[in-house]
Amino acid sequence: MALKISFLPYKIPSFPGSQDRSHRVSMASTLRSPPTENIKKPFTPPREVHVQVTHSMPPEKREIFDSLHNWAEENILIHLKPVEKCWQPTDFLPDPASDGFHDQVEELRERCREIPDEYFVVLVGDMITEEALPTYQTMINTLDGVRDETGASLTPWAIWNRAWTAEENRHGDLLNKYLYLSGRVDMRQIEKTIQYLIGSGMDPRTENNPYLGFIYTSFQERATFVSHGNTARHAKTHGDSKLAQICGTIAADEKRHETAYTKIVEKLFETDPDGTVLSLADMMRKKISMPAHLMYDGVDDNLFEHFSAVAQRLGVYTAKDYADILEFLVGRWEVEKLTGLSGEGNKAQDYVCGLPARIRRLEERAHARAKEVAPVPCSWIFGREIKI
């Protein structure tokens with residue numbers, strides 16, 4: 001879930017492609033103390049992105065979300081599956097309780113043997129993104145008016161967030177186990193990357209604002225649907241039909257979740273068109289950042305950019321996909337047909353509707369100016385070099 005586009009100010013995430021990035025900041029760089037040997041330093045996030053805005057939604061708009069409880073219960077919770085009808089990771093993996101377990105593992109490893117390193121870099125990056133799920137649930141629980149106030153709240157917003165998290169939790173579990181059994185990747189380095197990422201959090205710039213938050217999740221669920229769908233296609237091309245099935249099954253979950261989040265934003269356009277189009281323009285001006293944009297493995301300060309570049313080159317997730325997703329959402333929400341907007345709302349409408357074409361033009365120029373870059377080592381594949 002990559003290319004570098006010059007107009008992106010700092011990271012790319014859903015838009016693989018920006019060379020610019022936030023600076024890594026260490027607490028040790030600002031605190032001056034006498035050098036002392038063998039002192040363990042507390043964990044500090046490896047990056048600080050920018051000054052953060054909080055609670056930007058006007059308090060009176062909270063009433064909108066309170067009024068939508070019945071609607072959400074009837075229209076959003078239907079996109080959850082009963083646990084007993086859900087697939088589980090063990091459905092796709094060798095059965096450790098069977099006599100044929102070792103043969104099944106060897107068969108899995110044989111299928112993986114000829115898959116190129118660059119594919120595993122992208123698959124690992126996708127898996128790490130899925131494994132940082134605690135951060136995403138935390139992020140949604142920062143949103144005013146829809147957060148789970150008790151940890152077991154019975155509002156439809158809280159029920160959705162917990163059950164959505166439970167469904168998503170299977171994705172990282174399954175990919176993690178498959179990669180472990182493959183023997184093709186350095187699991188300790190991957191595990192370190194996951195720990196760094198969860199500890200660093202994420203900064204989607206949603207400002208505790210559910211308008212911004214649900215626009216962000218709508219975009220991201222479609223982005224992960226695209227990415228997992230493309231890794232499924234590549235796995236099939238490389239001869240691993242089981243891995244293709246795994247990635248395709250995860251993509252289907254993401255598509256169902258995308259449907260729920262886009263319905264929420266559609267309802268906001270119906271209820272508050274001016275506020276919603278202004279929020280959409282705000283998120284697109286800030287750029288949609290991938291959830292794993294603070295990725296770090298303890299070695300590579302530009303790990304996310306390198307992962308994104310490989311994904312871009314393989315066609316797993318590209319700048320074109322970013323533009324296509326925005327164009328899809330603008331059409332899905334019928335933004336061009338909005339009427340009765342304020343002056344600022346009309347400007348936001350024009351900006352958003354013209355943005356996909358602008359992104360594509362910028363991507364074409366960036367591609368034409370792109371220079372070949374030397375391969376870089378990747379810790380996830382035991383330090384072997386990858387072309388970016």
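The model is predicted, so local features need pLDDT of at least 70 and side-chain atom pairs count only at pLDDT 80 or more, while totals for chains, interfaces and linings use all residues. Residues are numbered from 1 along each chain as its sequence is written, and side-chain values use heavy atoms, with hydrogens and water left out.

The protein chain has 13 helices and two strands; these are DSSP runs numbered from the N terminus, helices being H or I of at least four residues and strands E of at least two. Of its 388 residues, 54% are buried. Buried means under 20% relative accessible area, exposed over 50%, and partly exposed in between, with a 1.4 Å probe and protein chains only. In helix H4, 13 of the 15 residues are buried, so H4 is largely enclosed by the rest of the structure.

Now the salt bridges. The count is 26, each being a side-chain nitrogen of Lys or Arg within 4 Å of a carboxyl oxygen of Asp or Glu. Glu 149 pairs with Arg 62, with the closest N and O atoms 3.8 Å apart. That pair links distant parts of the chain, 87 residues apart. Arg 162 bridges to Asp 148 at 2.7 Å. Arg 162 is partly exposed at 26%, whereas Asp 148 is buried at 10%.

Last, helix H13, residues 343-369. Lys 347 and Glu 344 both lie in H13, three residues apart, and form a salt bridge at 3.6 Å. Lys 347 counts as exposed, at 54% relative accessibility.
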